[in-house]
Amino acid sequence: MCNILIIGAAGLNGRATLTSLYNKSDLSDHIIAAVRSEEKAQQLKADYPELETRVMDIEDPSTLNQSFEGVDKVFYITGNIEQREEHAKAVIDAAVNSSSVKDFLFYSVFGAEYEAILFGRQFRYGEKYLENTNLNWTHLRTIFFQENLFGWAEGIKQGALYLGTGEGKFAPLLVKDVGEMAANILTSQGHAHKAYNITGPELLSGADIASTFTDVLGKDIAFVSPDNATTLDSLLNTGWSLWQAEGMVELLNLFAANQAAMVSPDGEALLGRPLTTLKEFVESNKVAFA
Ligand SMILES: NC(=O)c1ccc[n+]([C@@H]2O[C@H](COP(=O)([O-])OP(=O)(O)OC[C@H]3O[C@@H](n4cnc5c(N)ncnc54)[C@H](OP(=O)(O)O)[C@@H]3O)[C@@H](O)[C@H]2O)c1
């Protein structure tokens, strides 16, 4: 039996991972969730009663170090924060300094190894820092989530998908699938020193995505690819911080240039089943877009 610590457990990927772990009928490991407040701990325990919770803030070294006590494996899901590098360094240092951690699963981003855009450079810093330790590292590099499209729901409700990806294609991915991949990695052997590149199952252009909405919703959804300034303004107006909005514009441009236009086999291999398509995602969440 292993003690598995999940950092970022209360977030989207954290919950998806917990759900998949507890869905395993043969789960023999003990799961520990690191969360930032007692309130979040209670919310998680309500949904996952067997879970142990530890209240920890990466920016508070004493709580960070304590959260590693007796831990064998770590899954570190980075927060959506500008200081991704500093956080990764602090978490990896704490894992190295604990006497118990052997395996470290690092949540990263698709294409991190090219360091072509801000998000890639932020995550690659943590990957490299981890690779220079004696820990058994594994990188889980994920692409644009299907769930991100909830952020575009208002436009879709009004009849258009405004996504600055031009004619470029990419393969959007369902977070629930990522959670199951993470749960499989955490509960099996053979993942040391591997980087998994995780995309969704099909290459889609913005026009393909809009036509998926058209088919499922039964009404015309146009595709509009706004210019960078318009995308930036609309992200800032919906509450995104500047660094993050600029990072998203960079990412959309990379998609527009077809620089992430591939379907990786890694996700399906980790799941042992086909990945969830965008059509299935939209069908399951019709009400949010109608
Ligand atoms: N959206 C995409 O398409 C995409 C694709 C690839 C990668 N990513 C990145 O992948 C990562 C995971 O995504 P996600 O949606 O699961 O993120 P999320 O829902 O924001 O979860 C991140 C978790 O990190 C925790 N956290 C933040 N700061 C912390 C701190 N100082 N100490 C301890 N915990 C802290 C948060 O805690 P609280 O719950 O207390 O806030 C949250 O639970 C993010 O960095 C995201 O940007 C996103």
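A nonpolar core is a set of buried Ala, Val, Leu, Ile, Met, Phe, Trp, Tyr and Cys residues joined through C-beta atoms within 7 Å. The views below come from a predicted model.

**View 1. The largest nonpolar core has 84 residues.** Ile6, Ala33, Val74 and Phe104 have the most contacts inside this core. Helix H7 (residues 175-186) supplies the largest share of the core, seven residues. In soluble globular proteins, nonpolar side chains tend to be buried together.

**View 2. Alanine 33 meets residues from elsewhere in the sequence.** Neighbours within four places in sequence are left aside here. The contacts of alanine 33 are then Ile6, Ala9, Leu18, Leu44, Leu51 and Thr53.

**View 3. Helix H7 is largely enclosed by the rest of the structure, because 11 of its 12 residues are buried.** The buried residues include Val175, Val178, Met181, Ile185 and Leu186. Charged residues are buried here too: Lys176, Asp177 and Glu180. From first C-alpha to last, H7 reaches 16 Å. That is close to the 16 Å expected at 1.5 Å a residue.

**View 4. Helix H5 (residues 118-131) has the length its residue count predicts.** At 1.5 Å a residue, its 14 residues should span 20 Å. The end C-alpha atoms are 20 Å apart, so the two values agree. Buried in H5 are Phe119, Gly120, Gln122, Phe123, Arg124, Gly126 and Leu130. These buried residues pack against helix H4 (84-97), strand S5, strand S6 (136-142) and helix H10 (242-256).

**View 5. The ligand is surrounded by 23 residues.** Gly8, Gly11, Asn13, Arg36 and Gly79 are the closest. By class, the shell has 10 nonpolar, nine polar and four charged residues. Helix H1 (12-23) and strand S5 (103-109) each supply at least two shell residues. H1 gives the most, with three.

**View 6. Leucine 278 lies in helix H12 (residues 278-284).** Is leucine 278 buried or exposed? Leucine 278 has 22 other C-beta atoms within 10 Å, and the cut-off for buried is 20 or more, so leucine 278 is buried. Leucine 173 is 105 residues away in sequence, but the two C-alpha atoms are 7.8 Å apart in space. Setting aside residues up to four places away in sequence, leucine 278 touches Gln146, Pro172, Gly200, Leu204, Ile209 and Thr212.

Key
Residues numbered from 1 in each chain as written. Predicted model: local features only at pLDDT ≥ 70, side-chain atom pairs only at ≥ 80, totals over all residues. Near = placed C-beta within 6 Å. Helix = DSSP H or I, 4+ residues; strand = E, 2+ residues; numbered from the N terminus. Expected span 1.5 Å × (residues − 1). Contact = placed C-beta atoms within 7 Å.
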